[in-house]
Amino acid sequence: MTFESSVPGILPCQSIEALIAGGAITSATPFDADQVQPASLDLRLSDRAWRVRASFLPGQRLVADRIADVSMHSIDLSGGYVLEKGCVYIAELQERLSLPKGLIARANPKSSTGRVDVFVRLLTDRGGSFDDVDEGYEGPLYLEIAPQTFSILVRPGTRLNQLRLKAGEPPKLETRSVGVDLQGGDIVGFRGRRHAGVVDLDKIDGHDPKDFWEPLSLRRGELLLDPGEFYILASNEAVEIPVMQAAEMTPIDPSVGEFRVHYAGFFDPGFGTDEAHGAGSKGVLEVRTHDTPFLLEHGQIVARLVYEPLTERPTRLYGEGGSHYQRQGLKLSKHFRAWG
């Protein structure tokens with residue numbers, strides 16, 4: 001099977017649905033009605049996972065064979081299971097790929113996953129890199145899960161990452177610098193509390209944010225980022241993704257500072273646009289510092305946003321039918337009630 005497109009680009013929702021209908025993307029259970037996003041597909045945990053002693057890349061081997069080398073014990077997720085911070089897990093996903101020639105895929109954490117500081121990366125059999133799926137790949141999908149600040153409760157069907165499919169080699173249309181907003185109000189950001197409780201990732205608006213987050217204000221017009229801490233901040237600029245484009249925020253850029261910005265890199269078409277009733281939406285930045293303290297100033301560039309074309313206009317836009325993050329400013333993940 002060969003996928004043909006008149007133009008290189010990221011596949012919109014109707015093309016993803018056609019791949020599902022044609023058997024290029026299958027699942028152990030029926031797909032959820034809201035699983036296909038405007039330019040990506042949410043992936044779901046199965047009921048099988050393993051606590052592992054180390055992260056790995058499979059190289060020329062199957063992921064299952066490498067799990068056998070590093071597994072400490074197997075886990076049944078069917079009744080719900082707490083993945084503890086500071087530990088590394090591998091979970092089998094429900095979805096399976098049989099990519100036609102002409103298509104590649106790339107995965108990233110969902111926004112809600114990044115906002116609770118859970119580091120996830122996709123693994124494929126004989127894969128030479130995390131998150132990238134080669135043309136013609138046929139096989140299962142696995143997810144490395146490493147909670148950093150909070151322990152998390154997951155179960156089969158929990159969605160931690162998403163898959164974007166690309167035809168050909170889409171050109172980079174534009175790269176925009178993203179600055180940080182440190183003048184948005186009395187609270188300019190949040191820092192995760194080190195000894196908080198468990199976050200249930202399927203419980204929406206079900207957690208008191210004050211049990212998990214410490215609000216931050218400016219001192220002398222600066223914000224000091226401490227090593228090893230996790231922060232939620234907002235972009236200074238509004239972010240807009242045109243309806244015929246999608247974007248990815250680069251997860252790390254050493255040229256702008258010794259910290260990692262934005263675990264969840266995908267922005268779907270329509271985010272922040274008038275057409276999708278989202279004008280003025282900010283980009284929320286998940287920031288984790290490295291080995292040294294770092295001083296941030298208002299407007300300082302902290303990330304880059306790379307825009308690529310779609311192969312065709314999507315039949316629905318980001319936020320249509322409801323979204324937790326359209327028209328957002330500084331906002332915690334959907335798991336927490338509004339601050340106040």
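Modeller: Arg191, Pro215, Leu216, Ser217, Leu218, Arg219, Arg220, Glu222, Leu223, Leu224, Asp226 and Leu295 line the second largest pocket. A pocket here is an open set of points on a 1 Å grid over the protein atoms alone, where a 1.4 Å probe fits, with protein on both sides within 12 Å along at least five of seven lines; lining residues have an atom within 4 Å of a point. β18 gives the most, with 3 residues. Strands are DSSP runs (E, at least two residues), helices likewise (H or I, at least four), numbered from the N terminus.

This is a predicted model: local features need pLDDT of at least 70, side-chain atom pairs count only at pLDDT 80 or more, and totals for chains, interfaces and linings use all residues. Residues are numbered from 1 along each chain as its sequence is written, and side-chain values use heavy atoms, without hydrogens and water.

By class, the lining holds 6 nonpolar, 1 polar and 5 charged residues. Ala, Val, Leu, Ile, Met, Phe, Trp, Tyr, Cys and Pro count as nonpolar; Asp, Glu, Lys and Arg as charged; the others, Gly among them, as polar. The space comes to about 220 Å³. That volume is the space filled by probe spheres set on the points, which are joined across faces, edges and corners.

Now the largest pocket, for context. About 930 Å³ of space lies there. Its lining has 41 residues, with Gln37, Asp42, Lys110, Tyr318 and Lys334 nearest the centre.
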